[in-house]
Amino acid sequence: MAEVQERPDVKRPKPFDAEAEITKLWAKCQSAQDEIRRTFFQCRAAAIDMAGDGADEEAVTLKAWEMKGKDTAKSYFPRVRLDKPNLVENIAKLFVSSWRNQGAVVRLQKSENPDEVFIVWERCPWPTAHKQYGVSMALDVAGCDHALQTTLADVALFANRKLKIETVKAIPRGEGACVRRLWLEAE
Amino acid sequence: MARQIYDWDYSNYPGAKKYPHVFSPIQLGNLIIPNRIKYAATEDNLNSHDGFVTDEDVAYLRLRAQGVAGGICTMQGVYMDERRYGQGYVGQAAAWDDKFIPGLKRLADAIHAERAVANYQLMHCGRVGGVETPFCEGPSAIPQRLRLFKPVHEMSTEEIEISIQQHIDAARRGVEAGFDIMEISGIVGYLISNFLSSYTNRRTDEYGGDVYGRCKFMTDIIRGVRKEIGPDIPLIIRICAWEQLDDVGGNTQEESMIVYQEAEKAGVDSISVTVGWQESIVPVISRDIDFGSWLYQAERARQHVKVPVSMAYRLFHADMADQAIAEGKIDYWENCRPQIADPLMPLKYLEGREEDIRWCVACNVCLARLFRDAPMTCYINPTCAHENDPSYFPQKADTAKEIMVVGAGPAGLEAAWVAAERGHEVHVYDTRDKLGGTIIDAGLAPYNDDELYRIIEFHKAQCDQRGVEFHLGEEVTAEMIEDELPDAVILATGATMSTPTFFGGDGDNVITLKEALYESKPMGDNIVIWGNKKPAIGTALALAKRGKKVTLVGKERTVGKDINPSFRWRYNMFLRQNGVVSYNDCDIEQVGDGQAILITYDGHRVPVTCDTVVIGERGPNPALKDVCRENSIEFYQIGDCVVPRGLSGAVHDGYKIGLRV
């Protein structure tokens with residue numbers, strides 16, 4: 001910074017430290033991501049509690065994921081563009097972006113078929129969170145899959161295209177990565 | 001045998017000579033309309049929430065009827081189902097039962113009282129409807145692109161047949177209420193357009209399939225309504241020539257022309273050409289769209305059908321309409337927002353009083369209000385939706401006063417002419433040698449913001465007609481006020497630019513918005529503008545267009561918080577298109593050679609390349625207030641000097657104080 005004239009009513013700020021700023025921001029971002037998961041499990045627990053004795057824990061969990069999936073789809077609709085090429089890839093990018101925002105390390109892997117892509121989660125914070133809150137790994141896979149299926153079903157309805165998604169591999173099943181195949185079925 | 005309801009002789013009016021095509025008769029069906037002007041249907045949210053017509057709506061419409069000078073005046077569209085799925089606006093009129101006929105008759109009578117032709121509109125709002133129900137309805141349950149709208153219930157065949165009958169029954173009620181023309185609305189995402197569009201109609205039964213199948217709902221309604229109303233009442237339909245939904249698989253423009261032909265075959269007498277849906281991601285009617293941009297769509301429609309066609313979209317001026325009629329692009333001229341801004345606009349054209357027209361600035365605040373369940377408001381017309389309240393209109397003052405107005409911006413000028421209209425002697429002072437105040441600077445922003453200056457032209461004409469005296473290039477001082485001791489002072493001095501609170505804010509590289517816009521001080525290539533409201537945005541765009549790299553830094557949580565939501569998205573798009581980066585919820589902490597350090601609301605710091613800082617934050621202006629108070633002079637502060645806002649705040653303040661002083 002070049003020298004500037006001192007003004008009695010304006011305090012000289014401390015020197016700018018880029019590394020310190022980035023570290024603080026990064027910590028806040030991760031904290032916000034953790035908070036999203038904590039809120040999910042807190043609300044899930046509240047719903048199960050309110051349902052009373054004999055509550056179907058799995059049904060409540062899947063319903064929660066379904067609602068999340070539906071709301072995610074709504075945020076995708078303004079970004080669905082049928083007048084642009086690579087619809088499948090574009091939708092896959094929306095999924096990638098959503099999960100990155102939640103703290104996952106996720107990437108898109110193209111296939112030889114232009115109507116097919118793979119989404120690869122190399123790391124995902126959700127299985128750890130499930131463990132922390134005492135929820136089974138099986139329910140993690142089922143829930144995540146249900147959210148993706150719900151989102152894609154609504155996007156497919158909106159776009160009027162036969163879009164499909166399936167889980168090929170899952171971290172909670174000990175397979176090292178979550179891999180989902182997203183494709184456009186022939187008309 | 002064609003009939004004409006009211007005789008109008010325009011031969012002695014200057015406007016009829018200047019715009020001979022606009023003021024020539026046209027035949028729609030068996031009805032002759034004396035001119036080619038139509039006030040298009042406009043929701044105003046002025047009716048009761050259960051659909052009954054109110055005094056406010058009657059007064060609103062009557063003034064517009066006066067404005068069309070014998071032409072067509074359309075009431076707002078009615079919804080037709082008791083379930084209210086078709087209701088798109090909280091104050092929308094209803095026609096699902098005979099009990100609504102007396103109210104509707106009041107509207108028809110109000111239009112007739114002005115010797116205009118009364119047009120009644122049927123408008124089931126489809127996927128834009130259900131404003132007070134959990135669902136709306138449509139041909140298919142296609143999810144909504146905009147969160148504002150309700151989930152769509154897919155109509156059964158039985159529900160479709162009921163809806164068609166409801167249209168027919170509501171049409172009968174319109175005729176019984178005394179309307180002369182019947183209009184069906186099938187635009188922007190309303191029910192008929194939902195059936196027509198390949199985006200929202202995925203049905204495989206007789207009401208879906210190809211474009212002809214998708215037309216069936218519309219043609220069944222047209223035929224049913226035609227049978228009900230008989231051959232003598234003209235039937236108009238409003239439909240899209242281009243849905244602007246190519247990105248989600250909407251109708252092609254060719255399909256839209258097939259729709260037009262099917263409507264004509266089914267028996268309409270005229271088609272109103274529109275463009276775009278609520279869900280379109282491209283703009284259609286905002287100020288950045290040039291006048292007459294959509295005329296080619298009307299011309300295309302005219303090539304595909306034989307019945308007369310009309311158009312409203314961004315066709316604000318009579319010269320454009322007259323030329324378009326002469327060139328065969330349209331048969332008659334529709335307008336909506338221009339008559340929200342000035343209900344008497346066409347009449348003023350006819351009478352040769354063009355300088356008296358208060359021009360619409362295409363800001364869409366009227367739409368923004370309706371979508372937020374608020375009564376209609378006009379940005380530029382303070383009396384809009386107050387037509388039924390005499391206290392909103394100038395009355396002669398009990399005592400004529402000598403009034404000093406300090407500031408010849410929109411606030412000061414509005415107050416000046418209204419006060420002069422009431423019989424006061426008014427003097428307007430400004431340090432500039434030109435009328436307009438901040439609007440002169442605002443007009444330097446791109447995307448047709450120069451249109452804003454038209455309000456100043458209106459003000460000048462009103463002031464001139466009422467003998468307001470201008471003292472331009474003259475600064476009002478405390479001594480001058482003390483010497484002249486006017487009966488009242490109206491302070492419309494505009495905002496002050498905020499003093500920088502950041503370190504380095506007194507440097508040579510820190511300049512004001514005006515200095516940046518007029519380039520009266522040197523600037524580098526990397527500009528940081530302190531502020532993220534409209535003046536800062538307009539300046540950012542102007543500078544970006546001149547090749548500068550601009551960054552906005554503002555304390556508001558979103559950029560353009562002072563711009564209505566129906567237009568803000570346009571500015572967001574312009575900023576993106578021009579590479580302007582915006583740091584919101586943020587302030588400048590320090591500025592030095594080549595860099596500014598920004599600080600977020602929660603204390604994070606971001607370095608930005610910066611050669612010049614432009615001060616875009618504004619504050620109130622207390623100048624001259626004390627001298628008025630100390631001398632016990634009646635005084636008022638209006639416009640940005642109270643709280644910096646925008647043109648609308650200035651005009652509305654000025655009008656109200658003009659009434660009160």
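Trainee: What area is buried between chain A and chain B?
Mentor: About 2,800 Å². Buried area is the accessible area (1.4 Å probe) that two parts lose on being put together, summed over both. Carbon and sulfur atoms give 59% of that area. Keep in mind that this is a predicted model: local features need pLDDT of at least 70, side-chain atom pairs need 80 or more, and totals for chains, interfaces and linings use all residues. Residues count from 1 along each chain as written, chains are lettered from A in written order, and side-chain values use heavy atoms, without hydrogens or water.
Trainee: How many residues does each chain bring to the contact?
Mentor: Chain A brings 32 and chain B brings 34. Contact means heavy atoms within 4.5 Å.
Trainee: And how many salt bridges between them?
Mentor: There are 4 between chain A and chain B. A salt bridge is a side-chain nitrogen of Lys or Arg within 4 Å of a carboxyl oxygen of Asp or Glu. One salt bridge joins B:Asp602 and A:Lys28, at 2.6 Å, N to O.
Trainee: Which residue types make up chain A's side?
Mentor: 15 nonpolar, 3 polar and 14 charged. Nonpolar covers Ala, Val, Leu, Ile, Met, Phe, Trp, Tyr, Cys and Pro; charged covers Asp, Glu, Lys and Arg; the others, Gly among them, are polar.
Trainee: New topic. What strand order does the open sheet in chain B have?
Mentor: The order is 1-3-2, with mixed pairing. Strands are DSSP runs (E, at least two residues), numbered from the N terminus. Two strands pair if DSSP finds at least two bridges between them.
Trainee: How do strands 2 and 3 of chain B run, and what stands opposite B:Leu28?
Mentor: They run antiparallel, joined by 3 bridges. B:Leu31 in strand 3 stands opposite B:Leu28.

How values were computed
Helices (H or I, at least four residues) and strands (E, at least two) are DSSP runs, numbered from the N terminus.
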